[in-house]
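Dear colleague,

I am passing on the structure we spoke about, and my notes on its salt bridges follow below it. Please read them with the structure open beside you.

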Amino acid sequence: MTTPPPPPGPNGPGQTITVNKDNVLEVRRVVLSATDEARHKLQRLQREFGITAPAKDRISVAATHTWNGNLFANADSHYQRLMQYIVNVEDLGKQLEEAAKQYGYTEDDIMASFSTQAKQH
């Protein structure tokens, strides 16, 4: 059994966001909120979709190993690719934090912009 090809590379088509001094903190908040939510959902799905072998025979054990490997365990599994995507988007959040500093926002301003959102939910 083989796994499907990986998703398009990072230089593929994507969404363009214009960031400026007025929206950099909000964009960062939205990006990091989305990554937090995606990480939690993905971790929950990992627990829900893992399977155990229905029997101890060679075929059941091999099929279970292949299933769990393709979904979660292998370095190129769907889970690992999605987690890497989340990490890449979190890196965007870090870049937005650096942009906010360049716009003159302080560490306190940056942290407050995220903690305000957490209190709203």
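Glu 26 is partly exposed, with a relative accessible area of 41%, whereas Arg 29 counts as buried at 14% relative accessibility; here buried means under 20% relative accessible area, exposed over 50%, and partly exposed in between, with a 1.4 Å probe and protein chains only. The side chains of these two residues, Glu 26 and Arg 29, meet in a salt bridge of 2.4 Å, N to O, the term standing for a side-chain nitrogen of Lys or Arg within 4 Å of a carboxyl oxygen of Asp or Glu. Both belong to helix α1 (residues 24-49), where they are separated by about one helical turn because they are three residues apart; helices are DSSP runs of H or I with at least four residues, numbered from the N terminus.

Please bear in mind that this is a predicted model, in which local features need pLDDT of at least 70 and side-chain atom pairs count only at pLDDT 80 or more, while totals for chains, interfaces and linings use all residues. Residues are numbered from 1 along each chain as its sequence is written, and side-chain values use heavy atoms, leaving out hydrogens and water.

The structure holds nine salt bridges, and another of them pairs Glu 97 with Arg 28, their closest N and O atoms being 3.6 Å apart. Glu 97 lies in helix α3 (residues 78-102) and Arg 28 in helix α1, so this pair ties together parts that are 69 residues apart in sequence; both Glu 97 and Arg 28 are buried.

Glu 107 and Lys 101 also form a salt bridge, at 2.7 Å from N to O, and shared partners join Arg 28, Glu 97, Glu 98, Lys 101 and Glu 107 into one network of salt bridges.

Best regards

Notes
Helix = DSSP H or I, 4+ residues; strand = E, 2+ residues; numbered from the N terminus.
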